[in-house]
Amino acid sequence: MDVRGFIHDSLKKLEILGIDAVNAESTLIKTIFSMPADMLGDMEEKEILDLILDNLGMGVRDEETGALFCVSGQIYTFDMEVSDIERMYTDFLEGLSKLVKDDFTFTDIEEDVSNVDFASGTGVQTIRFRCNHKACRYDAKAEYDWFDTGMLAYVNQVIRECGTGKCLYVTSDGWQNCILFYQTGEWARRFQELFGVVLEMA
């Protein structure tokens, strides 16, 4: 497979979908080709696409300000095995805000870990927040440092109730990263036509 050509073609397809990432092509090529050659040579197209989406959507924090930055404002990718357990859902909502932009604001975020047994990795981690001033609460099932994907379904329900015509669509990178889009059903179908990948409603 011509990996460079595939990266170029994939970015062009994303451009058709309204995601402008062509300027990131050289950076993507450098990052992807930093992988061991034998590993890269064994990868299928879907795996290369996952790497592209991961790199475009992964949030990076500024070391000085702590501000979260994503290469693309239309893709949000996060690792479901989380380093900062006590803030995992707060950080998720912050990243999600980069995706939904002005349609939704997440405020008054409080994360309660008082009912989590960190030694056994069990319990309930409660996240309270306001979405466009609506009070929301989700009781996440604690499982060591893993993100409870039920939070995706809960937030998507809140978003759908607001009637913007868009919702969260999700796919996996085949490892442990979750790749999110905030788009219409028609957009998700077009993505499938162009890439052969089915996006699930979160």
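Asn156 is buried, with a relative accessibility of 1%; buried here means under 20% relative accessible area, exposed means over 50%, and partly exposed lies in between, with a 1.4 Å probe and protein chains only. The model is a predicted one, in which local features need pLDDT of at least 70, side-chain atom pairs count only at pLDDT 80 or more, and totals for chains, interfaces and linings use all residues. Residues are numbered from 1 along each chain as its sequence is written, and side-chain values use heavy atoms, with hydrogens and water left out.

Asn156 sits in helix 6, residues 150–161. Helices (H or I, at least four residues) and strands (E, at least two) are DSSP runs, numbered from the N terminus. Leaving aside residues up to four places away in sequence, Asn156 touches Cys167, Leu168, Met201 and Ala202. A contact means heavy atoms within 4.5 Å.

The chain as a whole comes next. It contains seven helices and nine strands. Its radius of gyration is 18 Å, close to the 17 Å that the globule rule gives for 202 residues, so the chain is as compact as a globular protein of that length. The radius is taken over C-alpha atoms, and the globule rule is 2.2 Å times the number of residues to the power 0.38. Along the principal axes, the C-alpha atoms fill a box of roughly 50 × 40 × 35 Å. Of the 202 residues, 44% count as buried. Among contacts between residues at least 6 apart in sequence, 54% join residues at least 24 apart.

Four of the strands make an open sheet in the order 3-8-7-9, with antiparallel pairing. Strand 3 (76–79) and strand 9 (200–201) are at the edges; each has a single partner strand, so one side of each is left without a neighbour in the sheet. Two strands pair if DSSP finds at least two bridges between them. Strand 7 (residues 167–172) and strand 9 are joined by two bridges and run antiparallel. Val170 has Glu200, in strand 9, as its bridge partner.

Helix 4 (residues 45–57) touches strand 3, strand 7 and strand 8 (177–183), and its direction makes about 70 degrees with that of strand 8. Helix 7 (residues 185–195) lies across strand 7 and strand 8, and runs at about 125 degrees to strand 8. For these angles, axes are lines fitted to C-alpha atoms, for helices over the stretch in contact, and the angles run from 0 to 180 degrees between N-to-C directions.

Side chains of opposite charge can pair when their charged atoms come close. A salt bridge is counted when a side-chain nitrogen of Lys or Arg is within 4 Å of a carboxyl oxygen of Asp or Glu, and the count comes to eight. One of them joins Asp50 and Lys46, at 2.7 Å from N to O. Asp50 and Lys46 are four residues apart in helix 4, so about one helical turn separates them. Asp50 is buried at 4% relative accessibility, whereas Lys46 is partly exposed at 32%.

Glu186 and Arg189 are three residues apart, about one turn of the helix. Glu186 is partly exposed at 48% relative accessibility, and Arg189 is partly exposed at 48%. Helix 7 also holds Glu193 and Arg190, three residues apart and separated by about one helical turn. The closest N and O atoms of the salt bridge between Glu193 and Arg190 are 3.1 Å apart. Glu193 is exposed, with a relative accessible area of 57%, while Arg190 is partly exposed at 35%.

How many disulfides does the structure hold? The structure has zero, a disulfide being a pair of cysteine sulfur atoms within 2.5 Å. For Cys136, the closest cysteine sulfur is in Cys131, 5.4 Å away, which is too far for a bond. Cys136 is buried, at 4% relative accessibility. For Cys167, one of the residues that Asn156 touches, the closest cysteine sulfur is in Cys162, 12 Å away and so too far for a bond. Cys167 is also buried, with a relative accessible area of 6%.
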